[in-house]
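This report describes the fold, the sheets and a few selected residues of one protein model. The sequence and coordinates come first, then the description.

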Amino acid sequence: MWYIVNEYLLSTDEFNKPKVVTGKDAVFLQIVRLFLLEPGTYQTNPKMGLGLVSKFRYSYTDDLSSLQAEAENQIATYLPDLMDFTVEVSKDTTDGSVLIIKVSVSNTVYEFNFNTITLKLESL
């Protein structure tokens with residue numbers, strides 16, 4: 001099963017209409033935004049967001065299970081259309097400062113790396 005998702009960007013196209021990302025790209029954008037969003041940013045949903053940079057930047061391997069559980073809880077709560085999903089979090093074996101995050105949604109795997117030193121997020 002696949003979901004029809006539209007995500008509107010803050011930029012405009014050549015006709016001055018908001019740019020729209022649809023389908024799998026929109027789902028990926030929503031997941032990444034949820035991981036980067038700091039809790040308390042939105043007054044209407046103060047618990048929304050993982051705060052990947054502030055809460056898990058200096059995480060140890062033991063903290064990865066709490067990041068995974070929190071990610072699953074956040075996706076279930078704030079992205080309810082994504083019913084069939086799993087989250088896997090691990091550290092890169094060659095570079096311990098890189099978190100590898102895999103979110104599987106309906107047989108589509110969204111994978112991105114978060115470098116805890118440079119604070120760069122890279123999609124794979």
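## Overall build

Of the 124 residues in the protein chain, 37% count as buried, where buried means under 20% relative accessible area, exposed over 50%, and partly exposed in between (1.4 Å probe, protein chains only). This is a predicted model, in which local features need pLDDT of at least 70 and side-chain atom pairs count only at pLDDT 80 or more, while totals for chains, interfaces and linings use all residues. Residues are numbered from 1 along each chain as its sequence is written, and side-chain values use heavy atoms, with hydrogens and water left out.

The protein chain has 3 helices and 6 strands; helices (H or I, at least four residues) and strands (E, at least two) are DSSP runs, numbered from the N terminus. Their order from the N terminus is β-β-α-α-α-β-β-β-β. The radius of gyration of the protein chain is 15 Å, close to the 14 Å given by the globule rule for 124 residues, so the chain is as compact as a globular protein of that length. That radius is taken over C-alpha atoms, and the rule is 2.2 Å times the number of residues to the power 0.38. Along the principal axes, the C-alpha atoms fill a box of roughly 45 × 30 × 30 Å.

## Surface and contacts

The accessible surface of the protein chain comes to about 7,800 Å², and 52% of it belongs to carbon and sulfur atoms. Accessible areas come from the Shrake-Rupley method with a 1.4 Å probe; for residues, only the protein chains shown count as cover.

Among contacts with a separation of 6 or more in the protein chain, 34% are between residues 24 or more positions apart. Contact means heavy atoms within 4.5 Å.

## The N-terminal hairpin

Strands β1 (residues 6–12) and β2 (residues 18–22) run antiparallel and are joined by 4 bridges; two strands pair if DSSP finds at least two bridges between them. Glu7 stands opposite Val21 in β2. The two strands, β1 and β2, form a hairpin with 5 residues between them, and Asn16 in the turn has a positive phi of about 60°.

## The four-stranded sheet

An open sheet is formed by 4 strands in the order β3-β4-β5-β6, with antiparallel pairing. β3 (85–91) and β6 (121–123) stand at the edges with a single partner strand each, so one side of each has no neighbour in the sheet. Neighbouring strands of this sheet are turned by 20° against each other on average, direction ignored. Axes are lines fitted to C-alpha atoms, for helices over the stretch in contact, and angles run from 0 to 180 degrees between N-to-C directions.

β3 and β4 (residues 98–105) run antiparallel and are joined by 7 bridges. The bridge partner of Val87 in β4 is Val103. Val98 is also placed in strand β4 and, at 8% relative accessibility, counts as buried. Not counting residues up to four places away in sequence, Val98 touches Ser90, Lys91, Asp92, Asn113, Phe114 and Asn115. Val98 and Ile4 are 94 residues apart in sequence and 32 Å apart in space, C-alpha to C-alpha.

## Helix α3 and Gln74

Helix α3 (residues 64–78) lies across β3 and β4 and runs at about 155° to β3. Gln74 is found in helix α3 and is buried, with a relative accessible area of 3%. Leaving aside neighbours within four places in sequence, Gln74 is in contact with Leu34, Lys47, Met48, Gly49, Leu50 and Leu79.

## Aromatic pairs

A search of the whole structure finds 3 aromatic pairs. Rings of Phe, Tyr and Trp (its six-membered ring) pair if their centres lie within 6.5 Å; planes under 30 degrees apart count as stacked, over 60 as edge-to-face and the rest as tilted. Phe28 and Phe112 form an edge-to-face pair, 6.0 Å centre to centre with 75° between the planes. This pair links distant parts of the chain, with Phe28 in helix α1 and Phe112 in strand β5, 84 residues apart.

Phe112 counts as buried at 1% relative accessibility. The ring centres of Phe35 and Phe112 are 5.3 Å apart and their planes stand at 85°, so this pair is edge-to-face. Phe35 lies in helix α1 and Phe112 in strand β5, 77 residues apart. Phe35 also counts as buried, at 1% relative accessibility. Phe28, Phe35, Tyr110 and Phe112 form one aromatic cluster.
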